[in-house]
Protein chains: 2
Amino acid sequence: MSIKSNAGLDAIFHPRSIAIVGATAGPDNIYTQMFLKSLLDFRFEGPIYPVNPKADSVMGLKTYPTVLDVPGPVDYAISLIPASATPQLMRECVAKGVRAVQLFTAGFDETGEQDRTRLQEDLAAMARRGGVRLLGPNCVGIYCPESRMSYASDFPKEVGRVGFIAQSGGYTYLTARIAAARGVRFSKMVSYGNASDINEIELLEYLANDPGTDVICVYIEGTRDGQRHLRVLAEATARKPVVVIKRGHTEGGRRGARSHTGALAGDDMMWDVAFRQAGVIRVEDVEELVDMMVTFLFFPLPRGRKVVLVGGGGGASVRAADQCEAGGLRLPPLPDDLREEVNRHIPLAGSMLTNPMDVLVEAHGGIPSWISILAALDCWEGADMFLWQVCPEMPPFREDIFSQLIIEVRTQMLEEYKALRKPKVVVVHAVETMFGLRELDAIRAKCADEGVAFYPSVLRAARAISRCMDYWDWRGRRAS
Amino acid sequence: MSIKSNAGLDAIFHPRSIAIVGATAGPDNIYTQMFLKSLLDFRFEGPIYPVNPKADSVMGLKTYPTVLDVPGPVDYAISLIPASATPQLMRECVAKGVRAVQLFTAGFDETGEQDRTRLQEDLAAMARRGGVRLLGPNCVGIYCPESRMSYASDFPKEVGRVGFIAQSGGYTYLTARIAAARGVRFSKMVSYGNASDINEIELLEYLANDPGTDVICVYIEGTRDGQRHLRVLAEATARKPVVVIKRGHTEGGRRGARSHTGALAGDDMMWDVAFRQAGVIRVEDVEELVDMMVTFLFFPLPRGRKVVLVGGGGGASVRAADQCEAGGLRLPPLPDDLREEVNRHIPLAGSMLTNPMDVLVEAHGGIPSWISILAALDCWEGADMFLWQVCPEMPPFREDIFSQLIIEVRTQMLEEYKALRKPKVVVVHAVETMFGLRELDAIRAKCADEGVAFYPSVLRAARAISRCMDYWDWRGRRAS
């Protein structure tokens, strides 16, 4: 195992103090808000030093003209100043003995301008010589709830088990928010931008070693050392699942990646093959990334891929059946004796007594029928897991009172559902009306609280479950 | 051309009077609400007759014990009564001279029970002998804003240019609502359920002939006469675009389709080939269906497939570039002179001055910069269309006040954008938080009002535009 120990990067995740260079007092600097206010909202425990020669205090904190004027030690410095001023800052940080500098500052290699690429290289060399680690430039940095570091006030404050490293800062915002709504919490999240010193490979090694991280997620646009990157990926997947979004796989995307973070995206098919060989789960975008997190965290591994599908309505059930099978799961037909048992609780007309099973609870005996049916299905040895789907945009009615009533019924149904023996999944398939999204949001919040695996479509649920099972199968084959 | 004239089905779309058999007075019958209240809300112009021997009036309308007791002629009867009572109803409708009966009633062939299949066949035979057209059973029927018929109060009351025929009632609800939010309006919508008499083929012929319909959309689970169905499809596509969701393409889905509408779904690959030969645009689900409607209605055909991509942020731009090209469009690189011109309006740092172009309007000179940049790009002969994307879940902030401000800025930007010469598209890529959806909803509503093509993701926009262009290319090749 060539993965190194984690000592080198602990400085960026657990600094004793933080300087914010270029923090300003006015309300117009959204970046001061972003970094300083987030640290205050997260109650970062060490001292925070705004550095600004033109202000006395920022957000109630005393400021210092330069890093060198700060009385105590500075472990971590965040730069919000223009690129042209960063060499001077780096000199001061070296002199001060700062352990790591994060350059939020942009305008380096990603511009494609030679002099700016050279400026970035010079900074990295200065940092290396001075014993300072450099994160960025052109990155939002570190979110680490354990050490109360964040660059967004709305990120969850609880510590979780997912690590995420991303070349794009925007993707970390997007991912944190969507994942949080589904109950996912993070151990560490790093946006590393142009990767002039600390890069995707070192961060991956860190998460592979990190006892606080169970699932590693990655967004990359490119790498500077493909061979080593893939070797480290393969070593990481042998320990924990690694899920990757790889961008820049088209000509326009490559041009975008070059201009976004200076990344060289490389040949996509080569990446695809390499990922497969390394046991990496490659996903298309953030939706699938979060689906994988939810599955690894909240869905207990079932014995097999046979699913029993309940709820939804007629057209929705046909769609769901198609999507389950397209996603890699199977729908065994309901045996006759079970069908007869279910038929004792609900009538034939307007239902589907097969698998998929369409049971309109509101119309047929309500919750008691639902309980009886689920209990019967839970004992069925022919199925390995439950998938319950709700399609709020399909029923005839959409008045708000009706909607509220439905949500209450669903919440009661969820109580019964989550007590089942088999592994289970909840899907609220809301396409894009605000009406549907409100129901989705209510049930999703309940599932997040309860740690139930929730997905916004059957296809996404089926794919994520299949890929999770594929990963564990692969791990099993490797071990044997 | 073997497509028949439309005389036969005009009775179901333009009845002079409607009877609702089984309408009840209590508030507990949601189906009375569904049919009777919708007709009242739509101000159906002819008489509406609730038929119920046990009530004097329903929703303020006088009831009649049977259809035969109705004083005037009845053109169209909707049945909400149990399946067992439908033969008697059909006898009365024949005697009364009713022109068409719609059986919302379920519990026929779709149950898979022999006696119920026989009941359905008997009803169809009675109707045929008696000169009554039969819609269903197991269907929600007709939405036709021109004649003020509807089975949902919230469907748009305005007349539009899209016709939709669907085996599933749920899909018509879903489609109408999602499409309405994007500004699409309908000529006719029919849910035909088990298709015991009026079927997918006859309805398709009707829409192909219908001068009020410019785009035909179809949801099918199966057909009883594949050869004839495909012939009629090919004839229809020669006149107008036909977009199809075909369900039941997996084993579970086929079982679901059988149990949902009694449909025999057939071999999927055969369908796929046949659709391609017939020039049919096959889509995966309702999202893509609505994307095609929006594209055919609101997106003027561009000269070519070269797109210039603006907005979004760094990671979002790289994704968007990848998705444009994956969807079949191309991103030409920005020429140097144009790049220099754009650079006069916004600085290099924190922007992407290439194609994709990431211009953070809020940070760089606001609307005036935006106007100047767009004007320069609009004159660029190297690009055929604009795609402007917004990703509300990616920025650092998400307070509501900030969000409101952003929406106002975007609305102003949209004003400038829509005045451009080139064909243009708006994308708000909101993944699934309520925060993001609110911005999506606000901009979508504005686009719907203005008739601007709006999509919820770049990939969906690119795919829909490509397929729309493919269709017109195919029509051109056929004609030449």
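Strands here are DSSP runs of E with at least two residues, helices are runs of H or I with at least four residues, and both are numbered from the N terminus. This is a predicted model, in which local features need pLDDT of at least 70, side-chain atom pairs count only at pLDDT 80 or more, and totals for chains, interfaces and linings use all residues. Residues are numbered from 1 along each chain as its sequence is written, while chains are lettered from A and ligands numbered from 1 in the order in which they are written.

**Around strand β17 of chain A**

Two strands are taken to pair if DSSP finds at least two bridges between them.

| Strand pair | Sense | Bridges | Facing residues |
|---|---|---|---|
| β14(A) (residues 307–310) and β17(A) | parallel | four | V310(A) and W388(A) |

Is β17(A) enclosed or open? Six of the six residues of this strand (385–390) are buried, so β17(A) is largely enclosed by the rest of the structure.

**A look at chain B**

V425(B) lies in strand β18 (residues 424–428) of chain B and is buried, with 27 other C-beta atoms within 10 Å. Residues count as in contact if their C-beta atoms, placed from the backbone, lie within 7 Å. Beyond its neighbours within four places in sequence, V425(B) has contacts that include M385(B), F386(B) and L387(B), as well as F299(B). F299(B) is 126 residues away along the chain, yet the two C-alpha atoms are separated by 7.6 Å.

Chain B also has an open, parallel sheet of five strands in the order β2-β1-β5-β6-β7. Its edge strands, β2 (48–51) and β7 (133–135), each pair on one side only. Within this sheet, four bridges join β1(B) (residues 18–21) to β5(B) (residues 76–79), and V21(B) has S79(B) as its bridge partner.

**Domains of chain A**

The assignment, which is automatic or from a database, divides chain A into domain 1 (7–135), domain 2 (141–297) and domain 3 (300–475). Taken over C-alpha atoms, the centres of domain 1 and domain 2 of chain A are 24 Å apart. Their contact takes 29 residues from domain 1 and 24 residues from domain 2. On the domain 1 side, α2(A) gives the most, with six residues.

**How the two chains meet**

Between the chains, 67 residues of chain A are in contact with 69 residues of chain B. The largest share of the chain A side, eleven residues, comes from α11(A). That side divides into 31 nonpolar, 20 polar and 16 charged residues, where Ala, Val, Leu, Ile, Met, Phe, Trp, Tyr, Cys and Pro count as nonpolar, Asp, Glu, Lys and Arg as charged, and the others, Gly among them, as polar.

The same surface serves both copies, and 100% of the contact residues of chain A recur in chain B.

Definitions and conventions
Contact = placed C-beta atoms within 7 Å. Buried ≥ 20, exposed ≤ 12 C-beta atoms within 10 Å, placed from the backbone.
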